[in-house]
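Q: Could you take a close look at how the two chains meet in this model? I'd enjoy a connected walk through that one part.

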Protein chains: 2
Amino acid sequence: MVDITVEFNSKVPIYIQIYEQIKDLAYSGKLKPGDSVPSSRALAGLLEINYHTVNQAYQALWKDGLLKMERGKRYVIAKGKPENEVYSEIEEEGREMINRALMVGLTEDEIMNLMKRILKGKNGGAGNHA
Amino acid sequence: MVDITVEFNSKVPIYIQIYEQIKDLAYSGKLKPGDSVPSSRALAGLLEINYHTVNQAYQALWKDGLLKMERGKRYVIAKGKPENEVYSEIEEEGREMINRALMVGLTEDEIMNLMKRILKGKNGGAGNHA
DNA sequence: AATAGTGTTCTATATGATATAGAACACGTG
DNA sequence: CACGTGTTCTATATCATATAGAACACTATT
């Protein structure tokens, strides 16, 4: 039903991994508003983890407004692609990256070229700039 | 001597905060190779934290090769601005941001425009794209 | 009505990271 | 020698994470 995996060796908590993946599934449109997510016990069984851990992820998503629920029913996707919110998050990520790049002396052109190379998919690799 | 501050309410561990700030000071050139960092007890006194916590940050930086030390002496900045390493980290940050942007449907042009706006310093704010 | 499947709440335990604390040690410097 | 380094050791306290099981209220199905 859903494509969620978990890395046990990761430093990222399991419930955060689930949280992020469902967020991505919803924002990318693979999960649409009205779709229900697996029950905490079901997903816990698949991932071989405790259902309380799954619920921790769901409740975090509920706090974010991404999931809604009614008693006795499963959690359901509430939002689709909230452009403004995601856009703000992406912008913040970009801002942090740029701040760091400027701090170590990269020029605006170098930063823009880096972005272009990444977008092209196949770049010459890191290490041959400036 | 050095400009380091700590947020006690942050979810980021104190020793990580120190770690990041010294890294930035070294990479930005405010701390040059050969400069010594404050002694763990001295910095701990200024920040009003335990000196073991400061030492934890220093040892993490030593593992990264950014600090070097000799017995009985203070930690000393080893590297200056290791372009390739920082560049790789920045590239990785950029890659993650772009992946996320593409996932939610932003086009290449929109991403490039976002970067330009951020670089210009004063952009129209988030929320008015596409 | 009975059953099964939801999420919820409660108590409990175990582990690891974080942070503090103090003592003792080895080494370099003044 | 005295002082300031970092280091090592043991210890404690707290918090986040994860697991565990029981009991509950509600929904949907049979």
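Predicted model: local features only at pLDDT ≥ 70, side-chain atom pairs only at ≥ 80, totals over all residues.

A: **Where the two chains meet**

Residues are numbered from 1 along each chain as its sequence is written, chains are lettered from A and ligands numbered from 1 in the order in which they are written, and side-chain values use heavy atoms, leaving out hydrogens and water.

Now to the interface itself. Contact here means heavy atoms within 4.5 Å, and 38 residues of chain A are in contact with 38 residues of chain B. Because 100% of the interface residues of chain A are also interface residues in chain B, the copies meet through the same surface. Between them the chains bury about 4,100 Å², 65% of it on carbon and sulfur atoms (buried area is the accessible area, with a 1.4 Å probe, that two parts lose on being put together, summed over both). On the chain A side, Tyr87(A), Arg100(A) and Leu119(A) lose the most area to chain B, together 19% of what that side buries.

One helix pair spans the two chains: the axes of α4 (residues 83–103) of chain A and α5 (residues 108–119) of chain B come within 10 Å and cross at roughly 55 degrees. Helices are DSSP runs (H or I, at least four residues), numbered from the N terminus; axes are lines fitted to C-alpha atoms over the stretch in contact, with angles from 0 to 180 degrees between N-to-C directions. α4(A) and α5(B) are therefore oblique to each other (under 35 degrees is roughly parallel, over 145 roughly antiparallel, 65 to 115 roughly perpendicular, the rest oblique).

In this contact, Tyr87(A), Ile90(A), Glu91(A), Gly94(A), Arg95(A), Met97(A) and Ile98(A) of α4(A) meet Leu114(B), Met115(B), Arg117(B), Ile118(B) and Leu119(B) of α5(B).
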